[in-house]
Amino acid sequence: MARTILHADMDAFYASVEQRDRPELRGRPVVVGGSPEGRGVVAAASYEARAHGVRSAMPMSRALRLCPQAVRVPPRFDRYGEVSRQVMAVFRAMTPLVEPLSLDEAFLDITEQVASYGDAEAAGRWLKGEVRRATALNVSVGAGTNKTIAKIASDAGKPDGLVVVAPGGERAFLAPMPIRALWGVGPKAEAVLVAAGIRTIGELAETDPGRLDRLLGSRGPLLREMARGVDDRPIEPVRERKSVGAETTFAHDLADGGELRAALARLAGEVGHRLREKRVGARTVVLKLRYADFRTVTRRTTRAEPTDDTAAIRQAASALLDGIAEPGDRFRLLGIQCGQLVDDAEESQLRLWPRCT
DNA sequence: TCTGGGGTCCTAGGACCC
DNA sequence: TCTGGGGTCCTAGGACCC
């Protein structure tokens, strides 16, 4: 039997939360993100700002040139997290099979529940109404028989949309869409495909599998299946976190020295704190450096025992930095990422019963 | 125009062991 | 003196997502 999958995606989430919390911002172009002097980029833009060409991930300096009357708001991630918990609670009132993708977006498998709403369209309307009642915010919803269809359907209806793709209608729905709409096709894959004369998902679906493998490598078969409307990936309500990291871009490039080492200590503190909060230890510490010319390098070290200790993380990262930095180097970004996470409870089990490994 | 910060997943080469 | 193949772990880089 065909599944019924919803993809729910809040409209201009951070910007909408700001406009909701601050009525004086309503109806005005709002851009959430870091300052242009601090080399910030746009995290979210209200639809009023988008009308001027402002987009997510755009440098803030460019956004404010495109739309000088825009109000720039520094992000308040704690606040967005609170609202996100309300939204996810509404989703979970519908089905336990909710897979969050970010603060403002999730897949829902409502195969078991859809009949009790009537049909997918009615279920989608119910969800939009409940989210609006709980948060006074709009969510766009797409419905279909798999994740690919539901996701592209919710994108297609934005803002405040509800798009339902009936079983059997998958290929006709996807065919005219640009390949870039497909999950997993970014700038690089798009360029490769366009150079080969493949512009739409329909054209991708018709491409010879062997040719696609040569163009896309191992990702060819999966993307071709998705383009043909076939996608069996399940909704995964529980996904284990694999890493915890923090990074910072400096307002001005830094040489190695007191300021850089102080930033490193601050990042180690941040990461250590979050590891302890989550009750996990990390076996690997990765140092990330971006040079003034945007070249990025990483160096890592693996420990025998996991740690959540700030000083240990700082020392590991500092030793890695010693191995990279040359006199005269200037850096624009520094980051620390901890991986190979081990649950504290699991860890103590291993200590007590070493032979059980 | 001058490029954030949080992540996930994949590839490829080398070390090491059997 | 020359030479296997498989498996696992580690490292660095890169594509991609929101």
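Helices (H or I, at least four residues) and strands (E, at least two) are DSSP runs, numbered from the N terminus. The structure described here is a predicted model, in which local features need pLDDT of at least 70, side-chain atom pairs count only at pLDDT 80 or more, and totals for chains, interfaces and linings use all residues. Residues are numbered from 1 along each chain as its sequence is written, while chains are lettered from A and ligands numbered from 1 in the order in which they are written.

DNA strand B is surrounded by 21 residues, of which Ala57, Ser218, Lys242, Ser243 and Thr249 are the closest. Helix α3 (60-66) and strand β9 (243-254) each supply at least two residues of this surface, and β9 gives the largest share, 7 residues. By type, the surface near DNA strand B has 8 nonpolar, 8 polar and 5 charged residues. Here Ala, Val, Leu, Ile, Met, Phe, Trp, Tyr, Cys and Pro count as nonpolar, Asp, Glu, Lys and Arg as charged, and the others, Gly among them, as polar.

Around DNA strand C there are 19 residues, and Ser102, Gly186, Lys188, Ala189 and Thr302 come nearest. At least two residues of this surface come from each of β5 (98-102), α9 (187-195) and β11 (296-307), with the largest share, 7 residues, from β11. The surface near DNA strand C divides into 6 nonpolar, 8 polar and 5 charged residues.

An open sheet of 3 strands has the order β3-β2-β4 and mixed pairing, where two strands pair if DSSP finds at least two bridges between them. Strands β3 (42-45) and β4 (71-73) stand at the edges with a single partner strand each, so one side of each has no neighbour in the sheet. Strand β2 (residues 30-33) pairs with β3 in the antiparallel sense over 3 bridges, and Val32 has Ala44 of β3 as its bridge partner.

Helix α1 (residues 13-21) lies across β2, β3 and β4 and runs at about 115° to β2. Axes are lines fitted to C-alpha atoms, for helices over the stretch in contact, and angles run from 0 to 180 degrees between N-to-C directions. The axes of α1 and helix α4 (residues 77-94) come within 10 Å and cross at roughly 95°. The two helices, α1 and α4, are therefore roughly perpendicular to each other (angles under 35 degrees count as roughly parallel, over 145 as roughly antiparallel, 65 to 115 as roughly perpendicular and the rest as oblique). Phe13, Tyr14 and Val17 of α1 and Arg79, Tyr80 and Val83 of α4 make the contact; two residues are in contact if their C-beta atoms, placed from the backbone, lie within 7 Å.

Backbone geometry was also examined. Ala57 has a positive phi of about 75° although it is not a glycine, and this residue lies in the loop between α2 (47-50) and α3. Ala57 counts as exposed, with 8 C-beta neighbours inside 10 Å; a residue is buried if 20 or more other C-beta atoms lie within 10 Å of its own, exposed if 12 or fewer, and partly exposed in between, with C-beta atoms placed from the backbone. The peptide bond from Lys158 to Pro159 is cis, with omega near -5°.

Notes. A residue is near a molecule or strand if its C-beta atom, placed from the backbone, lies within 6 Å of it.
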